[in-house]
Amino acid sequence: MAVTDRARTVSHAEPGSSTGSTGSTGRKGAAGFGVLLALLATVVWSGSFVATRGMAETVPPVQAVFWRWIIALLAVAPFAARQAWQQRALIRRHSGFVALASLFGVALYNTLVHQAGLTTSASNMGMIMAASPVIMALYARFGGERLGARRTLGMLLAAFGVLLLVGDGSIGFDFGAGDLWMFAAALSFATYSALLKRKPAELGGLAFLITTFVLGALMLAPAYAVSLHVQGGFETTAGTVGPLLYVGVFSSAVAFFAWNKAVSVIGAARAGIVYYLQPVCAAGLGLLLLGEPTGPAQLLCMALILGGVGLGSARR
């Protein structure tokens, strides 16, 4: 996962020109770019739930997560290794922060997702992960960020749609073991997203990205060794290598980079509202690729989510 430095816009005003107008346009452009990055990460992660669910019966969760980050490391190393080496002293100085981000965003979150994939559907995984924006918003509020009435209303509307979607049209519903694992994953991801706002500005995004990948893989190594000893390895077939390449390259390297940049531009709370689209994307992909059903009630709930996202992501 990566957070890149905030873009700095330098405005050269002509005599008599309106610098306020130029600054406002620049802020709107940056905000729109941040929303697009959050949307990109959300769509890619939705596909990862389908990939995770698809290999649940063939690849043990810890082994899947470990190889996911090894693949991600290979994908980002050509672009990030040089910056990480140049900033090695800075990384050591902020080692506590980087270790926490690696724990919650790389090692713990993804292990919980793959564990959940053993006993719940891809659409449920996406729906429950939509709980994380609420936690992100709470973190942001506790940190002093003003959410605003429109953003709060959009978040509540989208959250209501998610609750109905998970409950199959009602608020009263029961959770299985896989659903509870996903709630734990949502908490871990929201904690990671809140941590991103505290990333030192001088620490480069690519350096941060590859360092968290390395530390996350190291944290997973002991559990991976135990899994190999107890469960044995898995067969390298198209059905296992394909999903691993997807979650390693796209869901890890690409999506985490986009998400971290989005959070640095628009904040975790606003990016979290875009993240509400994940259950819609996951349900659609689950229907197309895994044959998981989508009925009228789900479509109605998705409309509520889309409306909430549109309302909450707009500028106040």
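Trp45, Trp69, Tyr109, Phe189, Tyr192, Phe213, Phe256 and Trp259 form one aromatic cluster. The model is predicted, with pLDDT of at least 70 needed for local features and 80 or more for side-chain atom pairs, while totals for chains, interfaces and linings use all residues. Residues are numbered from 1 along each chain as its sequence is written, and side-chain values use heavy atoms, without hydrogens and water.

Rings of Phe, Tyr and Trp (its six-membered ring) pair if their centres lie within 6.5 Å; planes under 30 degrees apart are stacked, over 60 edge-to-face and the rest tilted. By this rule there are 13 aromatic pairs. One of them joins Trp45 and Phe256 edge-to-face, at 4.9 Å centre to centre and 70° between the planes. This pair links distant parts of the chain, 211 residues apart: Trp45 lies in helix H1 (residues 19-54) and Phe256 in helix H10 (residues 238-266). Both residues are listed below, where buried means under 20% relative accessible area (1.4 Å probe, protein chains only).

| Residue | Relative accessibility | Class |
|---|---|---|
| Trp45 | 1% | buried |
| Phe256 | 0% | buried |

Helices are DSSP runs (H or I, at least four residues), numbered from the N terminus. Helix H9 (residues 205-231) has 27 residues and spans 37 Å from first to last C-alpha, close to the 39 Å expected, which is 1.5 Å times one less than the number of residues. H9 bends by about 40° at Ala221, and Pro222 follows within four residues; the bend is the angle between axes fitted to the seven residues ending there and the seven starting there. After H9 comes Gly232, with a positive phi near 80°.

Notes: Helix = DSSP H or I, 4+ residues; strand = E, 2+ residues; numbered from the N terminus. Buried < 20%, exposed > 50% of the residue type's maximum accessible area, 1.4 Å probe, protein only.
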